[in-house]
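Let's take a walk through this structure together. Have the sequence and the 3D view open, and follow along as we go.

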Amino acid sequence: MLLAACGGTGGTASSSPTSSSLSGYINVFAAASLTASFNALGISFHQAHPGVGVNFNFAGTPTLLAQIEQGAPADVFASADTTNMGKLTADGYTAGTSKIFARNQLEIVVAPGNPKGIKRLADLAKSGVIYISEAPTVPAGKYSLQALASAGVKVTPKSLETSVTAVISKIELGEADAGIVYTTDIQAAGSKVQGVQIPAANNVIATYPIVAVKGTKYSDVANAFIDYVLSSTGQSTLETFGFLSAS
């Protein structure tokens, strides 16, 4: 697992311990598209609660789900869709009710300068364009299929990846010409890639829920982190990284 030590700032609910008393160590399993934003949230959370340690495991949502159900030590799960969250809940691995904390939208990702001249979803099916996608079980892959169907576009991906970060990486390396990821992924990649907007009529809004995992040894810390993500400060940070409001 890819782990990054980090932390987030106050904004916890009144039922949570104060920053002076909060202590413990949690593992947050979060969708790959949350990498940049959650690293930032983790740093500020730790600054507010020096006695707290936060590790992140970022991967495709179904990969995280499988890891948790196979016994990986997770305390918080942040999913890129409600389907995988629903499965984790139905299988009895969540503590409490999940809460929506962010939304996202899709965008076509291409190399800087857009060498293939891709301007719309239909261009992904053009001859000579190497299009790749996340697997259909990955939220972004599922959303991509919905967007393509809405636009009446039929295209077979040259490869199916396990996460949005894998798609971005292949575009950066020149191993593919285009893919569909989240707007936040393109913003996080900076000048390494370029985005092509998808019209609202064909776009799909992704919904992100978060929950504490059943059996966590530090439920107070897990819930405090969730409270922070949902706080006005946490929401402002997420919006800085391109996420849409949870409301």
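This is a predicted model: local features need pLDDT of at least 70, side-chain atom pairs count only at pLDDT 80 or more; totals for chains, interfaces and linings use all residues.

Across the chain the pLDDT averages 92, and 92% of the residues score at least 70. Residues 1–20 are a stretch to read with care: there the pLDDT is below 50, although the model gives this stretch 64 contacts beyond near neighbours in sequence.

Now for the overall layout. The chain is divided into two domains: domain 1 covers 25–102 + 207–240, while domain 2 covers 104–197.

How do the two domains meet? On the side of domain 1, 13 residues are in contact with 15 residues of domain 2. The size of an interface is often expressed as the accessible area lost when the parts come together. Here domain 1 and domain 2 bury about 910 Å² between them, with 54% of it on carbon and sulfur atoms. Within domain 1, the residues that lose the most area to domain 2 are Ser33, Pro62 and Tyr208, together accounting for 36% of what that side buries.

The interface has polar links as well. Five residue pairs are in polar contact across it, counting pairs with both residues at pLDDT 80 or more. Three elements of domain 1 each give two or more residues to the side that touches domain 2: helix H2 (61–69), helix H3 (82–90) and strand E10 (205–213). Sorted by class, that side of domain 1 has five nonpolar, seven polar and one charged residues.

Let's finish with charge pairs. Side chains of opposite charge can pair when their charged atoms come close. The whole structure contains six salt bridges, and the count between domain 1 and domain 2 is one. Another joins Lys87 and Glu69, whose closest N and O atoms are 3.5 Å apart. This pair links distant parts of the chain, with Lys87 in helix H3 and Glu69 in helix H2, 18 residues apart.

Key. Residues are numbered from 1 along each chain as its sequence is written. Side-chain values use heavy atoms; hydrogens and water are left out. Domain bounds come from an automatic or database domain assignment. Contact means heavy atoms within 4.5 Å. Buried area is the accessible area (1.4 Å probe) that two parts lose on being put together, summed over both. A salt bridge is a side-chain nitrogen of Lys or Arg within 4 Å of a carboxyl oxygen of Asp or Glu. A polar contact is a pair of N or O atoms within 3.5 Å; within protein, one must be able to donate a hydrogen and the other to accept it, and residues adjacent in sequence count only if both atoms are side-chain atoms. Helices (H or I, at least four residues) and strands (E, at least two) are DSSP runs, numbered from the N terminus. Ala, Val, Leu, Ile, Met, Phe, Trp, Tyr, Cys and Pro count as nonpolar, Asp, Glu, Lys and Arg as charged, and the others, Gly among them, as polar. pLDDT is the predictor's confidence in each residue, from 0 to 100.
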